[in-house]
Amino acid sequence: MKIGIQTDNALVVATLRPKTWKKLTKANSDWPQWVAALSGTLGAQVPTDQGPAIILQEPNLQVFEKKPKPATP
């Protein structure tokens, strides 16, 4: 699965493995709130009609459940 994340300066494009994509969709269905961290090595910069796109090499995705903080009295 190919995903793109728009930043202020460029579009970052990563190709996720099916297992990683499954982890992301499972978090979306199982947890009411979640956060993901995407990392990898910045690769080639490719010009597009909307501006530059940067290819993320060897992307790694971590997904965490975002638990609400307990209310303080």
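The buried residues of helix α1 pack against strands β3 (34–48) and β4. The model is predicted, so local features need pLDDT of at least 70 and side-chain atom pairs count only at pLDDT 80 or more, while totals for chains, interfaces and linings use all residues. Residues are numbered from 1 along each chain as its sequence is written, and side-chain values use heavy atoms, with hydrogens and water left out.

Helices (H or I, at least four residues) and strands (E, at least two) are DSSP runs, numbered from the N terminus. Contact means heavy atoms within 4.5 Å. Buried means under 20% relative accessible area, exposed over 50%, and partly exposed in between (1.4 Å probe, protein chains only).

**The helix.** T20, L24 and A27 are the buried residues of α1. Seen down the helix axis, they fall within an arc of 60 degrees, so they line one face of α1. The arc is taken over the directions from the helix axis to the C-beta atoms. On the face turned away from the buried side, α1 carries the exposed residues P18, K19, K22 and S29. The end C-alpha atoms of α1 are 18 Å apart, which agrees with the 18 Å that its 13 residues should span at 1.5 Å a residue. The expected span is 1.5 Å times one less than the number of residues.

**The core.** The largest nonpolar core has nine residues: I3, V12, A14, L16, L24, A27, L56, L61 and V63. Such a core is a set of buried Ala, Val, Leu, Ile, Met, Phe, Trp, Tyr and Cys residues joined through side-chain atoms within 4.5 Å. The elements giving two or more residues to this core are β2 (11–15), α1 (18–30) and β4 (51–65). Strand β4 gives the most, with three residues. Not counting residues up to four places away in sequence, V63 touches K23, L24, A27, W31, W34, V35 and A36.

**Two charged residues in detail.** A salt bridge is a side-chain nitrogen of Lys or Arg within 4 Å of a carboxyl oxygen of Asp or Glu. By this rule the count is one. The side chains of D30 and K26 form a salt bridge at 2.5 Å, N to O. D30 and K26 are four residues apart in α1, which means that about one helical turn separates them. E58 lies in strand β4. Although E58 is not a glycine, its phi is positive, about 50 degrees. Most residues other than glycine have a negative phi.

| Residue | Exposure | Relative accessible area |
|---|---|---|
| E58 | exposed | 69% |
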